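Read the model below with its sequence alongside. The paragraphs that follow lead from single helices to a helix pair and then to the contact between the chains.

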Amino acid sequence: MLRTGAYRIDRSTRASRVALAVAAVIVAALLSLPLWGDSGDMRLAVEIFYYLALAQAWNLLAGYTGLVSVGQQAYVGLGGYGFFALTVLLGIAPLPAIALAGIAAAVIALPTAFVVFRLRGAYFAIGSWVVGEVFRLLLALVKPLGGGTGMSLPVAVVLSLAPSRAARDVVVYYLGLALGAGAVSLVFLWLRSRQGLALTAIRDSERAAASVGVDNRRTKLAVHIIAAGIAGLVGALAFLEKLRISPDAAFSVGDWTANVIFIVVIGGIGSIEGPILGTIVFFGLRALLVDYGAWYLITLGALAVAVMLLAPQGLWGLLARAFGWQFFPVQRRLRLLDLRQAPPKPSEAPIEAAHRED
Amino acid sequence: MAWLNIIVQGALLGGLYALFAAGLSLMFGVMRLVNIAHGDLIVLSAYCALVIVQATGMHPLASLVLVVPLMFAFGYGLQRGLLNFTLSGGILPPLLVTFGLSVIIQNGLLEAFSADSRRLQAGALETASLRLGDQLAIGWLPAIVFIVAVAVIALLEQLLYRTALGRAFRAVSDDADTAQLSGVEIRHVFALATALALAVVSLAGVLLAIRTNFDPSIGPARLLYAFEAVIIGGLGSLWGTLAGGVLLGIAQSLGAALDPGWEILAGHIVFLLVLLLRPRGLFPKQAE
């Protein structure tokens with residue numbers, strides 16, 4: 001909070017202070033999950049965590065910088081294959097290999113950005129998809145990693161992570177929790193920082209952001225690389241958990257990008273809360289429709305289309321508008337304190353400094 | 001001579017890609033709408049032909065008499081009932097709505113027809129060929145596909161530059177608001193553009209289904225080929241799109257000759273190279 005005489009700038013709200021307390025309770029509950037949950041619970045939780053991380057990353061891309069990528073599977077797949085290559089071919093221990101795989105995905109994102117950034121808007125979407133396909137087809141040619149049929153993680157590598165299956169589940173669970181919570185925290189801290197202000201400005205109007213000195217291209221590049229790094233970590237963890245990798249699974253547009261797009265669009269694009277809510281809705285729907293095969297994806301697709309047309313800010317946008325909620329205090333609100341200088345009416349309503357253009 | 005054969009077959013395959021691309025190009029040109037469901041609509045029309053052929057026993061090519069008007073009507077309805085509502089709010093709505101549509105069509109087809117691979121049987125036409133030399137023979141079917149592609153592109157060019165509808169297309173493309181002020185009913189014109197695009201798509205879908213096996217999952221790859229043909233050829237140029245399709249077809253067939261694993265990859269790499277070296281495509285229509 002900042003005090004300078006006639007006005008004050010608020011960041012937190014009552015809702016955000018309540019949310020902080022609730023978040024602390026949730027994190028405590030999640031930290032203790034291995035004590036009370038079985039291995040099925042932990043596996044489901046890990047899946048939720050990596051979708052949460054992917055959704056936060058995709059939301060930064062599409063929601064803030066307008067980079068609607070349909071190619072995030074490229075970096076998930078590279079992270080997964082990076083992990084297998086580092087552990088199997090180079091004999092690196094699993095934990096450092098996960099981190100290195102994430103870094104490798106981020107590094108590879110730099111030259112690919114050089115190509116796909118030549119395409120704008122919708123063309124960027126399809127161009128990034130082509131890049132994902134190129135990596136899938138290339139990895140299918142790499143015989144030491146199993147070629148087109150893929151490979152399993154050798155038992156020696158699995159045992160080097162943890163001696164028993166139960167212990168492995170716990171290690172993977174905490175890695176997943178760290179990844180999910182880490183991705184949300186990273187996005188939150190980024191959006192509160194100086195660069196976050198630039199991101200929000202780009203979200204609201206690219207042209208206006210550029211006119212006040214935001215380096216759009218540099219910001220977009222940073223988001224692209226960070227999103228690739230998160231996807232790479234997800235890939236490393238996901239295929240460590242699955243114990244098997246193949247080009248079709250690692251570079252699946254349906255698993256790693258389509259689901260994530262639905263999560264973010266349904267939950268609410270352009271906010272931190274939206275992808276969290278979307279992840280909850282996604283796994284809820286999946287549990288409900290588990291017996292209906294393709295109808296599950298048809299329902300998700302139809303729901304996403306309906307949300308995009310009727311409530312473009314997503315379910316979170318509806319809630320935020322109806323109740324004025326903001327759980328993650330990233331906005332700045334200007335409150336006028338000196339009543340003589342305050343505008344006559346409506347003097348009590350806070351003026352949103354980060355006003356949205358919609 | 002063997003290489004010549006590979007190049008000729010690739011070029012003929014490129015005709016099919018140009019046909020995929022023409023519809024995509026038309027929709028983008030008229031209303032700046034990139035239709036992610038484009039490939040799935042190609043597959044949808046293939047299944048549409050399959051149902052008609054199975055129900056009536058007619059020749060797949062004859063089924064076009066029904067499939068083309070059906071997809072034309074479907075396109076008109078799709079644009080007026082859904083896509084027109086996505087065009088006023090930036091790039092996200094059209095992209096994400098057509099993305100959702102793509103997933104709906106794919107999984108709808110999966111539910112209705114299973115994941116089994118299908119094919120339209122075209123009898124003697126499938127294998128008939130014209131022998132031009134020791135190692136060079138042109139199949140009648142690929143030749144017909146290529147000729148159809150050239151004819152469709154020539155007709156679209158005529159339509160764009162010689163008819164009142166074409167004038168309306170170009171007017172809304174340049175400035176939709178001003179076009180509407182001068183009496184162009186843009187919602188109707190947009191719907192006609194999509195209808196026409198889907199008529200071309202249905203032609204492409206049926207020819208694809210006679211040429212190769214298809215199943216509900218092959219749509220996205222056709223979208224990528226169509227997109228690559230458009231970008232390689234240069235935006236806004238239909239003849240450029242044909243050239244882009246031909247180049248893509250040749251790249252794929254040369255890649256396949258080297259190693260089957262390189263077939264699709266070679267096409268993608270040519271696309272990425274063009275993007276790096278000539279980002280505006282090989283035959284861009286307008287100067288910046």
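Start with helix α14 of chain A, residues 273-288. At 1.5 Å a residue, its 16 residues should span 22 Å, and its end C-alpha atoms are 23 Å apart, so the two agree. The expected span is 1.5 Å times one less than the number of residues. Helices are DSSP runs of H or I with at least four residues, numbered from the N terminus.

This is a predicted model: local features need pLDDT of at least 70, side-chain atom pairs count only at pLDDT 80 or more, and totals for chains, interfaces and linings use all residues. Residues are numbered from 1 along each chain as its sequence is written, while chains are lettered from A and ligands numbered from 1 in the order in which they are written.

Which residues of α14(A) are buried? They are Glu273(A), Gly274(A), Pro275(A), Ile276(A), Leu277(A), Gly278(A), Thr279(A) and Phe282(A).

Now take helix α9 of chain B, residues 219-233. Its 15 residues should span 21 Å at 1.5 Å a residue, and its end C-alpha atoms are 21 Å apart, which agrees. Of the 15 residues in α9(B), 14 are buried. Gly234(B) follows α9(B), with a positive phi near 105 degrees.

Next, a helix pair. In chain A, α8 (residues 165-192) packs on α9 (residues 194-204) at about 85 degrees, with the axes 4 Å apart. That angle makes α8(A) roughly perpendicular to α9(A), a label for angles of 65 to 115 degrees. From α8(A), Trp190(A), Leu191(A) and Arg192(A) meet Gln195(A), Gly196(A), Leu199(A) and Thr200(A) of α9(A). Contact means C-beta atoms, placed from the backbone, within 7 Å.

Finally, the two chains. 33 residues of chain A are in contact with 31 residues of chain B. On the chain A side, α6 (121-139), α13 (253-267) and α15 (294-310) each supply at least two residues. The largest share, eleven residues, comes from α6(A). That side has 27 nonpolar, four polar and two charged residues. Here Ala, Val, Leu, Ile, Met, Phe, Trp, Tyr, Cys and Pro count as nonpolar, Asp, Glu, Lys and Arg as charged, and the others, Gly among them, as polar. The predictor gives the complex an ipTM of 0.91 and a pTM of 0.89.

Note on methods: A residue is buried if 20 or more other C-beta atoms lie within 10 Å of its own, exposed if 12 or fewer, and partly exposed in between; C-beta atoms are placed from the backbone. Axes are lines fitted to C-alpha atoms, for helices over the stretch in contact, and angles run from 0 to 180 degrees between N-to-C directions. Angles under 35 degrees count as roughly parallel, over 145 as roughly antiparallel, 65 to 115 as roughly perpendicular and the rest as oblique. Two residues are in contact if their C-beta atoms, placed from the backbone, lie within 7 Å.
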